[in-house]
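Me: I have just started learning to read protein structures. Could you look at this one with me and help me with some questions?

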Amino acid sequence: MALATVWIRNLFAATMLMGIFSLLAASLYVLLDAVDVALTEAAVGAGISIILMLGALVLTTSKEKVHDARHNLLALVVVLITGAALIYGTMDMPNFADPKAPAHQHVSPRYTQESVDEIGIPNMVTSVLASYRGLDTLGEVLVIFVAGVGVLLVLGAGGFQRRRRESGEEEE
Amino acid sequence: MEWLGLYNYWVVVVLMMAGFYVVIAQGNLIKKIVGLNIFQTSVFVFYISLAKLDGGTAPVYLEGVTAYTNPLPHVLILTAIVVGVALTAMGLALAVRVYEAYGSLEEDEINAQDEQDA
Amino acid sequence: MSPHIVLRVGAKLLIPVILLFGLYVQFHGEYSPGGGFQAGIIFSAALILYALIFGLETVQQAVPPAAVHALAALGALLYMSIGIWAMLAGGNFLEYKVLAADPHVGETAGIILIELGVGITVGAVVITLFYSFAGRARPKRGGD
């Protein structure tokens, strides 16, 4: 699905493919027991991202120009070299779902075994998110607030009624 | 054959490279943002696949279950997804303004107009 | 028989259900997957659905942009004030144990309140983004 997005020219179709890719990723998360993340990815990737991209496409065009293959070759070589380097780096990594992997050793046993006694709520992801790592969540709320302010500065507030009264033209 | 245990990382690397290629090779600005999203999603898949434990269940407390999947990467990815949507929104807003100022979304046409004006 | 009547009737049935589901995910975030972010996005999805079917002007009469901007700031402010309340009650910043007599009750109360702040901000910001993108449409299309 991701590879199809590379080749497609119509931007509208590329947006739809991105949505399907997000939905497949959300199903993958459910299979990997990450239910909170699956809910968020399904809502965000297959919902909000699509709405925003469709909004941007309405405000601009939806076709893409065809390029010559010459400067694509340099990009392809860079991508292949980076991919080979990354695959070489994964040779040392632990096997998939290995219980002895370092990711499961240090802080996580404390979260899974003691968070229910220390905090008293069953959902461990919420207790880590809101209590153990509450400062990170504060930063994230501020990031999304700043993004909202930024888009307001760039695009304006979209006050439909005020603009209509000013210009006085018949809409729709 | 221990390579069989590493296949999830290779899948992620392939996805990541697809997104990376779209960001650097394609000229259309909105296509670049789509590529960036693919790149981000592949990184999330990487982290979530790191979190999985053989024989564990979802990290919600149930009576009698002792092995839970690691909740720490879930938390990090939850934050990262929301930051990703903030980034996409900001990027699309800038792309819309660029289109209104230059009349086109292709990178080379925008550079050509800048060189003409400069 | 006006056009799009199936869409209008279906939306009128669905939108309250979506809002209710958003509230459920918000407050049930401690017992099942969910919490603030998901709830905020579901809530804003209901409003976006309303805007897509009934028009941008109608939804802006119900939820004006100025109110949404104020709500976004209010959510972040709520989050930080819980942290400062914890400091005033004698603990560190964002330490919920000290908010009530029993530490478990304090933790639960703190988590519910900050998830509420997160949900309000995320929902309000997504609605703001939608208003900005949709309000900029060219005049002859009348907003999308």
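Me: How do you know what percentage of the residues in chain B are buried?
Reply: Good place to start! This is a predicted model, and a residue is called buried if 20 or more other C-beta atoms lie within 10 Å of its own. By that count, buried residues make up 52% of the 118 residues in chain B.

Me: Why is the largest nonpolar core said to lie between domain 1 and domain 2 of chain A?
Reply: The largest nonpolar core has 114 residues. Domain 1 (1-67) and domain 2 (120-172) of chain A both give residues to this core, so it lies between them. Helix α5 (residues 103-134) of chain C gives the most to the core, with 15 residues.

Me: How do you know which residues C:F130 touches?
Reply: Two residues are in contact if their C-beta atoms lie within 7 Å. Leaving out residues up to four places away in sequence, C:F130 touches A:I51, C:I48 and C:A51.

Me: What makes up the side of chain C that touches chain A?
Reply: Here 48 residues of chain C are in contact with 45 residues of chain A. α5(C) gives the most to this side of chain C, with 18 residues. The residues of this side divide into 27 nonpolar, 15 polar and 6 charged.

Terms used. Residues numbered from 1 in each chain as written. Chains lettered and ligands numbered in written order. Predicted model: local features only at pLDDT ≥ 70, side-chain atom pairs only at ≥ 80, totals over all residues. Core = buried A, V, L, I, M, F, W, Y, C linked by C-beta atoms within 7 Å. Buried ≥ 20, exposed ≤ 12 C-beta atoms within 10 Å, placed from the backbone. Helix = DSSP H or I, 4+ residues; strand = E, 2+ residues; numbered from the N terminus. Domains from an automatic or database assignment. Nonpolar A, V, L, I, M, F, W, Y, C, P; charged D, E, K, R; others polar.
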